[in-house]
Amino acid sequence: LRLPVFDYREPSSLEEAVSLLREHGTECKIIAGGTDLLPSMKQKLFRPKYVMSLERISDLGGIGFDEKQGLQIGSMVTLSALETSLTVKERYPMIRDAAHAVGSPHLRRMGTVGGNLSLDTRCCYYNQSESWRKSRPRCIKLGGDTCNAVGGGKKCFAVFSGDLAPALIALGAEIKLLSHRGERILPLRDYYTGNGAEPLARDSDEILVNVKVPPLSQDAVTPYFKYRIRESIDFPFAGLAAVIHVDKKEKVCRKASVVIGAVGPKPLDVHEIAEIAEGKRLDGRLIEEISNLARKAAKPVDNLGSSPEYRRHTIKAFAKRAFQAALVGYGQ
Ligand SMILES: Cc1cc2nc3c(=O)[nH]c(=O)nc-3n(C[C@H](O)[C@H](O)[C@H](O)COP(=O)(O)OP(=O)(O)OC[C@H]3O[C@@H](n4cnc5c(N)ncnc54)[C@H](O)[C@@H]3O)c2cc1C
């Protein structure tokens with residue numbers, strides 16, 4: 001598979017990058033580590049006229065922490081830098097776990113935080129070579145009018161399969177986007193549209209600059225669970241991130257934030273769980289109710305390499321495991 005021809009740009013400052021995007025935004029793709037962009041270009045899923053690298057822009061690097069402000073991660077920080085950061089490991093173990101769960105060591109060394117959060121959605125009928133795709137009707141994500149995964153479906157169900165987003169959303173992260181119009185701060189959860197064909201609320205001339213994560217109380221239980229077939233490399237088929245605060249003595253759930261990933265076009269905050277769990281004593285019955293809510297919220301379709309029923313069931317098991325872990329204080 002060969003790359004299509006494109007014009008490569010490598011700005012050395014944010015100002016230069018913003019001005020290039022102002023001029024060429026709709027015809028230009030940003031490249032960070034390239035681990036997602038380049039395979040897709042080789043499959044001719046898109047053929048941008050320009051590819052603009054962020055590699056030389058020093059303002060996009062660095063991991064910083066402040067007790068009051070929390071954590072700040074530059075969009076060009078690699079996943080391996082994130083998973084090996086002592087601050088991240090000690091203060092936000094779930095971010096470390098989610099970064100570590102991505103692909104393989106090679107991909108984590110090249111892949112960046114900005115690229116991971118800005119991944120395109122995936123579908124087994126879409127992420128295929130051009131000749132394979134020609135054997136099927138053109139799907140909605142490719143500009144056609146049918147969904148090959150859901151016969152007769154009139155919307156795109158391609159899956160957001162990033163590992164970091166569910167964890168960062170559960171932790172209440174926000175992102176900074178920059179364009180020639182200025183800066184825009186967005187809760188990370190609003191970065192995802194829920195439309196598989198156009199999954200990100202990012203204008204083509206915007207750059208994701210950094211992610212901020214609020215301070216996290218050290219007694220929170222924060223597991224990230226991922227289901228994949230090959231432990232050494234695969235994208236998730238289902239994922240669940242939870243931030244749970246439990247009163248140790250009374251076993252009362254003070255706060256709960258549960259986000260499920262890879263079971264739909266966007267990472268989904270299952271807010272119903274907080275509604276039923278907060279202020280209640282965690283026991284077997286409540287945990288069963290919580291895990292049923294997580295299962296109900298997951299609406300996978302048959303477009304990845306594992307059945308929708310199994311993925312739903314896995315989400316339920318993950319939710320149960322997360323709250324059982326909170327009862328015994330896992331991760332503290
Ligand atoms: C075999 C294989 C397995 C993988 N497994 C996983 C997995 O388990 N979990 C997982 O999460 N991912 C997985 N990936 C996907 C990918 O490797 C990672 O998500 C990686 O973090 C992407 O980052 P990148 O810097 O390489 O992104 P790129 O490929 O450079 O970019 C990805 C997208 O983000 C956009 N982008 C990048 N940076 C910015 C920015 N700062 N502002 C705006 N837009 C930006 C690009 O334009 C592009 O559309 C896998 C990939 C492969 C090939």
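Let's start with I95. Beyond its neighbours within four places in sequence, I95 is in contact with L71, L82, V88, L164, L168, L171 and V213. Contact here means heavy atoms within 4.5 Å.

A word on the source. This is a predicted model, where local features need pLDDT of at least 70, side-chain atom pairs count only at pLDDT 80 or more, and totals for chains, interfaces and linings use all residues. Residues are numbered from 1 along each chain as its sequence is written, and side-chain values use heavy atoms, leaving out hydrogens and water.

Now the core. The largest nonpolar core has 41 residues, and I95, L117 and L164 touch the most other members. Such a core is a set of buried Ala, Val, Leu, Ile, Met, Phe, Trp, Tyr and Cys residues joined through side-chain atoms within 4.5 Å. Buried means under 20% relative accessible area, exposed over 50%, partly exposed in between, with a 1.4 Å probe and protein chains only.

Which elements give two or more residues to this core? Among them are β5 (70–74), α5 (93–100), α9 (164–170) and β8 (207–213). Helices (H or I, at least four residues) and strands (E, at least two) are DSSP runs, numbered from the N terminus. The most comes from α9, with 6 residues. A second, separate core holds 34 residues, including Y227, V258, I273 and L282.

On to the cysteines. How many disulfides does the structure hold? It holds 0. A disulfide would be a pair of cysteine sulfur atoms within 2.5 Å. For C156, the nearest cysteine sulfur is that of C139, 6.3 Å away. C156 is buried, at 9% relative accessible area. C253 is buried too, at 0%.
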